[in-house]
Amino acid sequence: LVLCFDTDEAGQKAMVRSAELGYEQDFNVKVLKLSGGFKDPAESLQAESGDFDGDLKAAESFFDYLVGREFKKGETENLSMQDVKINIMDLLLPILAKVKSNILVDTVLRNISPKLKVNIASLYSDLESYKSNQKIRKKKKEVKNTKVDGKRVILREELLWTFLFYQPVIFNDFVSKFAEFAFIFEEKQVY
């Protein structure tokens, strides 16, 4: 999948979103950079001086493109190297988290590690932390969006039972106070 969007901010955001969707579908995503100072693909195709075919052959990996773009942006905006690295990782992590191929993830991280001058283990650690945080956010969202009479109640009950089973003193107190209810306790197991 070769992406070529306008060079303005909206076009660049659309390119990132498109790349993310492409990687979700297991595409190899590349970016076509327009030579000749053209701002959009239509200009390049219409101009006799444009080399769209040559640009297409020179399309680069989306991740390489993104890292290069952010380094240039950092120079233009006079950002510190730390800020540039943070911006790059903020853009890359959500996309890398959706890449299905571990080989591609490894290749990307090995490629950007020296460019960012960051140990590859740190990049892997950041990616795993991001994935874990996404799972937690997803679970919280599921709980928040679930109706009270449905799954949300079950999750609260599961939490209560987990707490009780891991706290024997509280569990025994609970059993003695609530044994009259419809629970059947046998050897401290609830059926």
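Reader: What share of the 191 residues of the chain counts as buried?
Author: 28% of the 191 residues do. Buried means under 20% relative accessible area; exposed is over 50%, and partly exposed lies in between, with a 1.4 Å probe and protein chains only.

Reader: What kind of model is this?
Author: This is a predicted model, where local features need pLDDT of at least 70 and side-chain atom pairs count only at pLDDT 80 or more, while totals for chains, interfaces and linings use all residues. Residues are numbered from 1 along each chain as its sequence is written, and side-chain values use heavy atoms, leaving out hydrogens and water.

Reader: OK. How many helices and strands?
Author: Nine helices and five strands. These are DSSP runs numbered from the N terminus: helices are H or I with at least four residues, strands are E with at least two. Their order along the sequence is β-α-β-α-α-β-α-α-α-α-α-α-β-β.

Reader: And how much accessible surface does the chain have?
Author: About 13100 Å², with 54% of that belonging to carbon and sulfur atoms. The areas come from the Shrake-Rupley method with a 1.4 Å probe; for residues, only the protein chains shown count as cover.

Reader: Now the helices. At what angle do helix 4 and helix 5 pack?
Author: About 155°, with axes 9 Å apart. Helix 4 covers residues 62-76 and helix 5 covers 81-96. Axes are lines fitted to C-alpha atoms, for helices over the stretch in contact, and angles run from 0 to 180 degrees between N-to-C directions.

Reader: Parallel or antiparallel?
Author: Roughly antiparallel. The cut-offs are under 35 degrees for roughly parallel, over 145 for roughly antiparallel, 65 to 115 for roughly perpendicular, and oblique for the rest.

Reader: Which residues of helix 4 and helix 5 make the contact?
Author: Among them are Phe-63, Leu-66, Val-67 and Phe-71 of helix 4, and Val-84, Ile-88, Leu-91 and Leu-92 of helix 5. Contact means heavy atoms within 4.5 Å. By class, the residues of this contact are twelve nonpolar, two polar and two charged. Ala, Val, Leu, Ile, Met, Phe, Trp, Tyr, Cys and Pro count as nonpolar; Asp, Glu, Lys and Arg as charged; the others, Gly among them, as polar.

Reader: How do helix 5 and helix 6 pack?
Author: At about 180°, with axes 13 Å apart. Helix 6 is residues 102-116. Helix 5 and helix 6 are therefore roughly antiparallel. Their contact includes Ile-88 and Leu-92 of helix 5 and Val-108 and Ile-112 of helix 6. It has nine nonpolar, no polar and one charged residues.

Reader: What about helix 4 and helix 6?
Author: Their axes come within 10 Å and cross at roughly 20°. That makes helix 4 roughly parallel to helix 6. Phe-63, Asp-64, Val-67 and Phe-71 of helix 4 take part, with Val-108, Asn-111, Ile-112, Lys-115 and Leu-116 of helix 6.

Reader: Switching topic. Is Leu-3 buried or exposed?
Author: Buried, at 6% relative accessible area. Leu-3 lies in strand 1, residues 2-3. Not counting residues up to four places away in sequence, Leu-3 touches residues including Met-15, Ala-19, Val-29 and Val-31.

Reader: Where is Asn-78?
Author: In the loop between helix 4 and helix 5. Asn-78 counts as exposed, at 70% relative accessibility. Its phi is positive, about 55°, although Asn-78 is not a glycine.
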